[in-house]
Amino acid sequence: NRRVTVRDLALAKERGEKWPMLTAYDAMTASVFDEAGIPVLLVGDSMGNCHLGYETTVPVTMDEVAMLTAAVVRGTERALVVADLPFGSYQESGVQALRSATRLVKEAGAQAVKLEGGERSADQIGLLVRSGIPVMAHVGLTPQSVHTMGYRVQGRGEEAAHQLMRDAKAVQDAGAFAVVLEMAPAPLAAEVTRVLHIPTVGIGAGHECDAQVLVWTDMAGLTPGRLPRFVKQYAALRSTLGEAARAFAEDVVEGAYPAAEHSFE
Ligand code: KIV
Ligand code: NA
């Protein structure tokens, strides 16, 4: 197996080595990240917002995740590919979760799956792990619950902080190999990271997590509009691509493209 494994990630935590994770939704972009050495790629249900034009992650289907996961797996050689279980594909029961996760691993080729929820999803996580499917958990802000939770920092206040810690421990006890902490106060995320023996993957959860994840279109400056405070933009792809499209359009209108060197005798 030339891919990164969940065992490698456990060793990284023992050694105190931090690692990056990015989302990917297609083979070509995934190959760029794979060549850049990103060890873990998430086929996130953020594809709903970033790739499919939905307003939230809620409408994303199993067919959509399966198709894009297969593309990301085909585009990569080394990265561990984690596929998100979309809303409605695992909440019903362990049996439903196992059926959905099996499809993403067996048909689409993911090496692991991710699902949202702490204590509330522990039964599903346990069954998947006992069945041989590595599970990344996701606690704190869980976007599939936008209609009950909204998009705000979780774990503020004593009771909420205790709940987040209970959720993190519950997914570890259920056998998750890592846990995403989304939009949690940095000191709380740091405490969770110290208490857990599995890696924490932060997004809007401060710098003391074992790993960090960003949505690639946010990280690369492709997403339009205002971005959450935790995003750092490492490129300005939206303006770069827009300029390329405008230059192409201008060349075509003016007859400057194609030139002789682009034409056949
Ligand atoms: O879908 C997604 O992109 C995610 C990450 C932000 C953790 O779940
Ligand atoms: Na997600």
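Here is a walk from the whole chain down to single residues.

**Before you click**

This is a predicted model, in which local features need pLDDT of at least 70, side-chain atom pairs count only at pLDDT 80 or more, and totals for chains, interfaces and linings use all residues. Residues are numbered from 1 along each chain as its sequence is written, while chains are lettered from A and ligands numbered from 1 in the order in which they are written.

**Stop 1: the whole protein**

Show everything as cartoon. Along the principal axes, the C-alpha atoms fill a box of roughly 70 × 40 × 40 Å.

Now colour by burial: 45% of the 265 residues count as buried. Buried means 20 or more other C-beta atoms within 10 Å of the residue's own, exposed means 12 or fewer, and partly exposed is in between, with C-beta atoms placed from the backbone.

**Stop 2: two domains**

Select 6-234 and then 237-265: these are domain 1 and domain 2 in the domain assignment, whose bounds come from an automatic or database source. Their C-alpha centres lie 39 Å apart.

For a distance check, pick Gly132 and Ala249. They are 117 residues apart along the chain, and their C-alpha atoms are separated by 52 Å. Gly132 belongs to the loop between helix H6 (122-130) and strand S5 (135-140), and it is exposed, with 8 other C-beta atoms within 10 Å.

**Stop 3: around ligand 1**

Which residues surround ligand 1? Select Thr23, Leu42, Gly44, Asp45, Ser46, Asp84, His138, Val180, Ile203, Val213 and Val215. The cut-off for being near is a C-beta atom, placed from the backbone, within 6 Å of the molecule. This shell divides into five nonpolar, four polar and two charged residues. Here Ala, Val, Leu, Ile, Met, Phe, Trp, Tyr, Cys and Pro count as nonpolar, Asp, Glu, Lys and Arg as charged, and the others, Gly among them, as polar.

**Stop 4: the annotated binding site**

Select Asp45, Asp84 and Glu116, which an unreviewed UniProt entry annotates as "binding site". They span 72 residues in sequence, yet no two of their C-alpha atoms are more than 10.8 Å apart, so they gather at one spot. UniProt positions follow the numbering used here, feature names are shortened, and annotations may be inferred rather than shown by experiment.

Zoom to Asp45, in the loop between strand S2 (40-43) and helix H3 (47-50). Asp45 is buried, with 31 other C-beta atoms within 10 Å. Not counting residues up to four places away in sequence, Asp45 touches Thr57, Val60, Val65, Asp84 and Pro86; contact means C-beta atoms, placed from the backbone, within 7 Å.

Hop to Asp84 in strand S3 (residues 80-84). It counts as buried too, with 28 C-beta neighbours inside 10 Å. Leaving aside neighbours within four places in sequence, its contacts include Leu42, Val65 and Lys114.

**Stop 5**

The unreviewed UniProt entry gives "active site" for Glu182. Find Glu182 in strand S6 (residues 178-182). Is it buried or exposed? Glu182 is buried, with 22 other C-beta atoms within 10 Å. Beyond four places in sequence, it is in contact with His138, Gly140, Leu141, Ile203, Gly204 and Ala205.

Step along to Met183, in the loop between S6 and helix H9 (186-195). Met183 is not a glycine, but it has a positive phi of about 50°. Most residues other than glycine have a negative phi, and most peptide bonds are trans.

**Stop 6**

Phe230 is in the loop between helix H10 (216-219) and helix H11 (237-254). It is partly exposed, with 16 other C-beta atoms within 10 Å, and it touches Ile203 and Gly204, not counting residues up to four places away in sequence.

Finish at Pro258, in the segment after H11. A cis peptide bond joins Tyr257 and Pro258, with omega about 0°.

Terms used
Helix = DSSP H or I, 4+ residues; strand = E, 2+ residues; numbered from the N terminus. Contact = placed C-beta atoms within 7 Å.
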